[in-house]
Amino acid sequence: MFLRYNLYTITWALIMLLLTIASKNSMPSMNQWDLLSFDKFAHFSQFCILVFLMIVGFHKQHTFTSLRFYPFRISMGIGIGYSIILEIVQLLANTGRSFDAADAMANILGCFGGLLIFYLIYKI
């Protein structure tokens, strides 16, 4: 039952990992200043979706009671941890990409955005 309700979350997290380890050369080249806001919006959106899917999946599953009763705390912890891990992977993987504190901050803000969207949709 856990996998059934969290398959979208796991798939989304794997897609994010693959995009993170993709070579910078395989990404479209654009001026950084033109895309500064788009880049941060993309990071924000990825983690917003991830945390939202995680909260929904954890809340619906019945296999692990702690995930069911504390989906907000656990999802936020996993989301923030995954954000930092992905930034470190960018630093360590020899893909031409590097750790960016502004990206990490956009990721973390996206985690809070996912929490807010869940609250707006399901709690109001």
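Visitor: What span should the 22 residues of α4 have at 1.5 Å a residue, and how far apart are the end C-alpha atoms?

Guide: The 22 residues of α4 should span 32 Å at 1.5 Å a residue, and the end C-alpha atoms are 31 Å apart, which agrees. The expected span is 1.5 Å times one less than the number of residues in the helix. Helices here are DSSP runs (H or I, at least four residues), strands are E runs of at least two, and both are numbered from the N terminus.

Visitor: Where do these coordinates come from, and how are residues numbered?

Guide: This is a predicted model, in which local features need pLDDT of at least 70 and side-chain atom pairs count only at pLDDT 80 or more, while totals for chains, interfaces and linings use all residues. Residues are numbered from 1 along each chain as its sequence is written, and side-chain values use heavy atoms, with hydrogens and water left out.

Visitor: Back to α4, which residues are buried there?

Guide: Pro71, Ser75, Met76, Gly79, Tyr82, Ser83, Leu86, Glu87 and Gln90 are buried in α4. They cover an arc of only 135 degrees around the axis, which puts them on the same side of α4. The arc is taken from the directions that run from the helix axis to the C-beta atoms. Buried means under 20% relative accessible area, exposed means over 50%, and partly exposed is in between (1.4 Å probe, protein chains only).

Visitor: And which exposed residues sit on the face turned away from that side?

Guide: That face of α4 carries the exposed residues Arg73, Leu91 and Leu92.

Visitor: Let's zoom out. How many helices and strands are there in the protein?

Guide: There are five helices and zero strands, and the order from the N terminus is α-α-α-α-α. Of the 124 residues, 32% are buried. Among contacts between residues at least 6 apart in sequence, 76% join residues at least 24 apart.

Visitor: Which residues of the largest nonpolar core touch the most other members?

Guide: Met16, Phe47, Leu50 and Tyr82 do, out of 16 residues in that core. Two or more residues come from each of α1, α2 (32-60), α4 (71-92) and α5 (101-123), and α2 gives the largest share, eight residues. A nonpolar core is a set of buried Ala, Val, Leu, Ile, Met, Phe, Trp, Tyr and Cys residues joined through side-chain atoms within 4.5 Å.

Visitor: Is Tyr82 buried or exposed?

Guide: Tyr82 counts as buried because its relative accessibility is 18%. Tyr82 has its place in α4 and, beyond four places in sequence, is in contact with Ala13, Leu14, Met16, Leu17, Phe47 and Leu50. Tyr82 and Leu50 are 32 residues apart in sequence and 10.0 Å apart in space, C-alpha to C-alpha.

Visitor: What does Phe47 touch?

Guide: Not counting residues up to four places away in sequence, Phe47 touches Met16, Gly79, Tyr82, Ser83, Leu86, Asn107, Gly110 and Cys111.

Visitor: New topic: where does α1 bend?

Guide: α1 bends by about 40 degrees at Tyr8. The bend is the angle between axes fitted to the seven residues ending at a residue and the seven starting there. Helix α1 (residues 2-21) has 20 residues and reaches 27 Å from its first C-alpha to its last, close to the 28 Å expected. Asn6, Thr9, Ala13, Met16 and Thr20 are buried in α1.

Visitor: Last one: what is Phe44 in contact with?

Guide: Outside four places in sequence, Phe44 is in contact with Ala106, Leu109, Gly110 and Gly113. Phe44 lies in α2 and is partly exposed, with a relative accessible area of 29%. Phe44 and Gly113 are 69 residues apart in sequence and 7.9 Å apart in space, C-alpha to C-alpha.

Definitions and conventions: Contact means heavy atoms within 4.5 Å.
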